[in-house]
Amino acid sequence: MTSAPTVPVTAAPAAAVPGASTARRRAARTAAWSVLAAALLVLLTGVALGTGQVEMTVWEALRALVGLGDSGHVLVVREFRAPRVVSALIAGAGLAVAGSMLQRLFRNPLASPDTIGVTGGASFGAVLLLATGASQEYIPLAALAGGLLAALLLGGFAWRSRMAVTRLVLVGLAVQQGLAAAVNLMIVRFPAELAASAMQWTTGSLYGRNWTEVWIGGTAIAVTAAVVVLAQRRVAVLDLGDDSAGGLGLNPGRDRVLLLLLTIALASLAAALTGPVAFVALAVPHLVRLLAGPPTLGTLGLTALTGSLLLLASDLLVLHVIPVHGLPVGAVTATLGAPWLLVLMFRQGRLPQRSS
């Protein structure tokens, strides 16, 4: 009597593991969108550098940016156009990343520097500095201090009322409006020559950026953003919930506060470079989730690219399409973002009813 042949048992291939193929598809989709966003960003940068009274092709503008080509083109691009373009790229990325982080930490899709008072605090700090007559080189520090002041106000109100993290956006809106009222009062009291400068700054503008501001603000934003990237593993653990995060060795309350302070610092520094440009931080994370899926380290990079793309495109509209001289870029982003905020609030109001 012969025994039946034994069939060797082999491990299931990686593709058969539940979720593995889905994760790979999402990673591939994120990579594809990132490559497309980077290509569009290079093209739009060339257009922004080459458009104006001195016209150039995209190729000529990009060559002039690195010091090649006609000396006149190099002067125009590197001294007059590049600081404004680089400011848009850096601030757009910083605001978008800060918005994505705030939405994850607050577990609320309406959370952003605009809705929790951070940009209002940055405006308050910068305008207060202008009111004292101090050097404008200290505006980044003043904006950072103002953003942290808004965070302290938000935390104080939340602590006293024992409010859940997911509902802090309501308190943030109140803090934002209170600080905006204080800023408007200071502007009304300003001398005429300072009022115009302060008003332009508080609406969000890239006008008059220089390399000193770009290097100082850009370095601070880059360092803070790098720390945010390094903290992504902790953020992913916190996404599992406080109980699970505590079981995995984190201190959820302490780590969430530290990450919030880090994110608020990033948003305040970005606002210090361009002023409180509205809705970039709110809209971009939602757009990236729509295109690439749930947040990962890869989608955070796509978020930065998309934020830069949106702010630079809005500035091009201000400079060369909309026939209004001196229009701040914040007016364009606010016009684009206000309908988006209404849609999000409408969806937030309906989602609980659907799930019940």
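**Note on the predicted model**

1. The protein's average pLDDT is 80, and 86% of the residues score at least 70. Over residues 7–17 the pLDDT is below 50, and this stretch has 3 contacts beyond near neighbours in sequence.

2. Helices are DSSP runs (H or I, at least four residues), numbered from the N terminus.

3. The largest pocket holds about 730 Å³ of space. A pocket here is an open set of points on a 1 Å grid over the protein atoms alone, where a 1.4 Å probe fits, with protein on both sides within 12 Å along at least five of seven lines; lining residues have an atom within 4 Å of a point. Of its 28 lining residues, Arg84, Tyr207, Leu319, His320 and His325 are the closest to the centre.

4. H13 gives the largest share of that lining, 6 residues.

5. Arg84 sits in helix H3. Arg84 is buried at 16% relative accessible area (buried means under 20%, with a 1.4 Å probe and protein chains only). Leaving out residues up to four places away in sequence, Arg84 touches Leu206, Tyr207, Arg209, Asp315 and Leu319.

6. Residues are numbered from 1 along each chain as its sequence is written. Local features need pLDDT of at least 70, side-chain atom pairs count only at pLDDT 80 or more, totals for chains, interfaces and linings use all residues, and side-chain values use heavy atoms, with hydrogens and water left out.

Definitions and conventions: Points joined across faces, edges and corners; volume = space filled by probe spheres on them. Helix = DSSP H or I, 4+ residues; strand = E, 2+ residues; numbered from the N terminus. Buried < 20%, exposed > 50% of the residue type's maximum accessible area, 1.4 Å probe, protein only. Contact = heavy atoms within 4.5 Å. pLDDT = per-residue confidence, 0-100.
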